Each structure stands twice: as structure tokens, then as C-alpha cells.
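I opened my notebook to jot down what I looked up here. The entries follow the order in which I went through things.

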Amino acid sequence: MANFTRDVDNVFLYIGGIGFFLLLLITFLMLFFIFKYRSSKNKEAEDVKDNIVLEITWTLIPTIIVLSMFYYGFYVFKKMRYIPPEAYEIKVTGRQWSWLFEYENGFKSDTLYLLLNKPVKLTMKTTDVIHSLYIPAFRIKEDLVPGYETYISLTPEDTGTYDLLCAEYCGDLHSYMVTKVKVLEEEKFYSKIKVEKELEEKVEKAEEKAPEKKEEKSGLDIDLVEKGKKLVSENACIACHSTDGSKSIGPSFKGMYGKKEVVFSEGKELEIVADDEYLKESILEPAKKVVKGYENLMPPSELKEEELKAIIEYIKFLK
């Protein structure tokens, strides 16, 4: 659980307890008045005169109850929004249909790693539609709205693995936006992100030193293929494009390269060949030429030239 998990639970118990008490009270009074003022014992109606004390009482008491609910809830909300100076920042990106977490050293993953007993600031944004980051065990739910950056702070108090999902319907594969939160002790946390980052850097250096390295079978740059595979995962491409030929939201990457496709461009049907130029254009401007039989759901990308080459190399590999 997180540092404010019990506080959130207590707020709900407080509000729920008051609601339950009022339910019993109102039900009791309703039955009591039905019995006491039944028509068989009250043949003639009587005039009910004003009672200022009673009216003030039944106005004042509910007002105090509602204000107490607001104060208690706002107190916990402020606690969740407070960012300690020593907080470790993790950038969270929600996109159709996966999560991406970036750490202070530049390491990226689709699993959220947190430090035990260390304040963490989650800075969140979405690249497409509205998403909602929800960690049930921590009582966290924060909406990610396009064009707006938000945040939340927490301090995990127990090691373990917890569920993280999207709580806002965001399209056909909304249910696929599920991943894990792993709370690690400080030594294990820094070791994990350091090792993973160093591995990324070694791969990048190897690509720079040996760009001529080829795969014997197909003549492809195997390092570039590996980088493309990683980029496809990081950018949530596999949420819409399968790699085994199965039908999904978008055309499968398997067998895509060199394939003839019928596309819609400015309302007209065209036949194209999925070559390097077409794939590059489709990644940068997906709405320009939409494959027949599929909807235009893909957002424009801002990938760099070398990243585009890596993804296209990976698609060639899947041919």
C-alpha cells in the first residue's frame, strides 16, 4: 500500500458510515410516522405551524456533515498532491493501448518500478485520447487529458507486485492497458534501472561501431532489427499491429513489407506497394493513406530518421 491508502479508505468509511446511519434513521422515522399518524387514529387533519428551531436544526446539521466530508476528503487530496523535495520523478505516458514509464536516468519500460519508502512523483500525459491511471492497491486514479500534464505523489510502504490499468474507456483495446507495479527496495531499484539502461547503451554503441553487421539469411542489419523491435514495443505499435499475421486493429507487421495494398487517399482508392517510403509516410502521417478495411486510429508520430529505419528494418525481418 501507499502512504495515503489508509487515509483514502477512512474517508470512504466515514462517508459510507454517515450514509448508512442516515439510511437507518430515515427508514425508522418513515415507519414511525406511518404508524403514528395512520388515518385510523387521525380522522381529522391538523394545521402544522412553523417551528424555527426545528428548521434551523435540520438545515444546520446536514450542512455540518457535508462540510466535514469535504474537509476530510480535501485533506487527503492535498496529501496526495504534495510533492516532497526529495521525490524521485517518473514520467508516465498513456497511449492506445499501453503504458510507458521513463526514469530519471533515461531508462524506459512498460512496467512501473517504485522505490520502497521513497516519495515518488508520477508526471503524466497522454499522446492521444483520455486515459486514466488506476492502481487499486494504492487507491490512485488520475485522468490523463490530451494537451494537459498532471501529476500525483505517493510513497510505497510495502514491497510486492500490484496491478495498474486504465480506468477510462479509450478505444477498442482499452482492456489491454494492463501492466504491473513493482515496489523494490532501494538497492534493487537502482540496480534494476541501472542495469537495464546500461544494456540499452551497450546495444546502441554496438550499432554505432558495427553498422555493417548483417543477418546471414536475409541481409538485414540484425542490430537495427533488435532496435526496431524495442521501438515497436515502446511506442505501443503492437497494440494495433500483430507480428504473427493475425488480424488486429491495424494490418499485421508480418508479411507487410513489399505487399500490395489498396488504400484510401483523399477519398480515392489507390493501389500501393508497402516499401520503405510508404511505411515511413504511414508512420509519420497515418491519415494520409489508410489501408482499405481499417479505420484511421493511429496518431501521427514524431520518430527520428534512425528510429524510422529501425522499425522498417524490423518489419522487413517479419516478412
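Predicted model: local features only at pLDDT ≥ 70, side-chain atom pairs only at ≥ 80, totals over all residues.

**Overall build**

I began with secondary structure: the protein has six helices and 13 strands (DSSP runs numbered from the N terminus, H or I of at least four residues for helices, E of at least two for strands). The protein is more spread out than a compact globule, because its radius of gyration is 29 Å, well over the 20 Å that the globule rule gives for 319 residues. That radius is taken over C-alpha atoms, and the rule is 2.2 Å times the number of residues to the power 0.38. Along the principal axes, I noted a C-alpha trace spanning about 100 × 55 × 30 Å.

Residues are numbered from 1 along each chain as its sequence is written, and side-chain values use heavy atoms, with hydrogens and water left out.

**Inside**

I looked up burial next: 36% of the 319 residues are buried (under 20% relative accessible area, 1.4 Å probe, protein chains only). For contacts (heavy atoms within 4.5 Å) with a separation of 6 or more, 63% are between residues 24 or more positions apart.

**Helix 6**

What does helix 6 pack against? Its buried residues pack against helix 4 (222-234) and helix 5 (276-284). Helix 6 itself covers residues 305-317, and I found L308, A310, I311, I312, E313, Y314 and I315 buried there.

Note on methods:
Buried < 20%, exposed > 50% of the residue type's maximum accessible area, 1.4 Å probe, protein only. Expected span 1.5 Å × (residues − 1).
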